[in-house]
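The sequence and the model come first, and the description follows.

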Amino acid sequence: MTMSIGCWNVRGSNLRPKQEEIKNVIKSNNLSLFAILESQVRFNKLQMTCNKVFGNWMWISNQDMCPKGTRIIIGWDPDEVGVMPLDANSQVMHCQILFLKENKRIFCSFVYACNYYIDRRKLWDSLEKHNCSINSAPWLIAGDFNVTMELVDSMAGNSKISRGMVEFNECINRIEVQYINRNRLHYTWNQRPKGIHGALKKLDRVLGNFKFIEDYPNVFANFQPYRNSDHSPMIIKFPIKKKFRIRSFKFVNSLTLLDDFLPIVANVWKYEIEGFGMYRLCQKLKLLKKPLLNPKP
């Protein structure tokens, strides 16, 4: 059993084809929460767009911080998760997520960073301040950072480390987060070729702090193939362990009617078995099975 949440830079969700594609991503991945990045939805169309995309889900956005159109919208299934918004600006929304069936909470930040590195400094400052407030609780960060982290994250463009990359890495080091397990696409953004020229870059990431990785070691991010956006959808899967059901100890009372019952038990109980007490008990009970079920005539 798996709980899944998603995040995707859709490059605008005003038109019906984009809205239908978002709904397909949610349905095909059985998502309980989905963050739309770069939605570009105007305030007067926000309610209508969210109703079309999310149906009876609940949703929040950072519309109030975005004069040119909503940048981040978060929708969720209230039967599966609870979401408490904590803080937001035009580039990030910080919230707390409660997985209702498991009764577990994590902090989560959804990011859509600005293109210009100086503007991104507000994002780095927000992440660092939020890191100080969560008190080492599990924290997940997902989104489009609009900057590469290393030279290998780009197949085209500059071959030098930019000032934006330096500041991004400095922030990552200060808040002490790292990649969670991930698979499929590495280059999450593609620039459609103009003639023979194009580009592939890793701009979208899912990061976690030490506590998150410690508490959720099996969680992984699936970067799916491109759809009708130049960014890859990010699907984060939380494998949920089934609860172990303790079975009651069962014993066939009729075995005590055997003439040799007590001698058989006494004989087996004389064996010396090394280990902890519970281990020794289990081993002796196993040794009793054969002589009790197949007593000598």
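Predicted model: local features only at pLDDT ≥ 70, side-chain atom pairs only at ≥ 80, totals over all residues.

## Surface and basis of the model

Residues are numbered from 1 along each chain as its sequence is written, and side-chain values use heavy atoms, with hydrogens and water left out.

## Overall composition

The chain has seven helices and 15 strands. Helices (H or I, at least four residues) and strands (E, at least two) are DSSP runs, numbered from the N terminus. Of the 297 residues of the chain, 46% count as buried; buried means under 20% relative accessible area, exposed over 50%, and partly exposed in between (1.4 Å probe, protein chains only).

Among contacts in the chain with a separation of 6 or more, 62% come from residues 24 or more positions apart. Contact means heavy atoms within 4.5 Å.

Strand β6 (residues 92-99) is largely enclosed by the rest of the structure, because eight of its eight residues are buried. Both faces are covered: V92, H94, Q96 and L98 are buried on one side, and M93, C95, I97 and F99 on the other.

Strand β5 (residues 81-88) runs antiparallel to β6, and seven bridges join them; two strands pair if DSSP finds at least two bridges between them. D87 stands opposite H94 in β6, and a hairpin of three residues joins β5 to β6. Strand β7 (residues 104-112) pairs with β6 in the antiparallel sense over eight bridges, with V92 opposite V111 in β7. The hairpin of β6 and β7 has four residues between the strands, and N103 there takes a positive phi near 55 degrees.

## Strands β10, β14 and β15

Strand β14 (residues 220-223) takes part in two pairings. With strand β10 (residues 181-184), β14 pairs in the parallel sense over four bridges, and N181 stands opposite F220 in β14. With strand β15 (residues 234-239), β14 runs antiparallel, joined by four bridges; M234 in β15 is the bridge partner of F223.

## Nonpolar cores

A nonpolar core is a set of buried Ala, Val, Leu, Ile, Met, Phe, Trp, Tyr and Cys residues joined through side-chain atoms within 4.5 Å. The largest has 32 residues, of which L33, I74, F110, L140, V206, I236 and F238 touch the most other members. Leaving aside its neighbours within four places in sequence, I236 contacts residues including M3, I5, L140, I180, V206 and F220. A second, separate core of 21 residues includes A113, W124, F145 and V177.

## Aromatic pairs and charges over rings

The structure holds eight aromatic pairs. The rings of F54 and W57 have centres 6.0 Å apart and planes at 10 degrees, so this pair is stacked. Rings of Phe, Tyr and Trp (its six-membered ring) pair if their centres lie within 6.5 Å; planes under 30 degrees apart count as stacked, over 60 as edge-to-face and the rest as tilted. F54 counts as buried at 4% relative accessibility, and W57 counts as buried at 14%. F212 and F238 form an edge-to-face pair, 6.1 Å centre to centre with 90 degrees between the planes. This pair links distant parts of the chain, with F212 in helix α5 (residues 210-215) and F238 in strand β15, 26 residues apart. F212 is buried at 0% relative accessibility, and F238 is buried at 4%. F99, F212, Y216 and F238 form one aromatic cluster.

The charged end of R182 sits over the ring of Y179, 3.9 Å from its centre, and K202 lies over the face of F223 at 4.1 Å from the ring centre. A charge sits over a ring if NZ of Lys or CZ of Arg is within 6 Å of the ring centre and within 35 degrees of the ring normal.

## Positive phi outside glycine

E176 is not a glycine but has a positive phi of about 55 degrees. E176 lies in the loop between α4 (163-175) and β9 (177-179) and counts as exposed at 60% relative accessibility. R184, also a residue other than glycine, has a positive phi near 70 degrees. R184 is in strand β10 and is exposed, with a relative accessible area of 54%.
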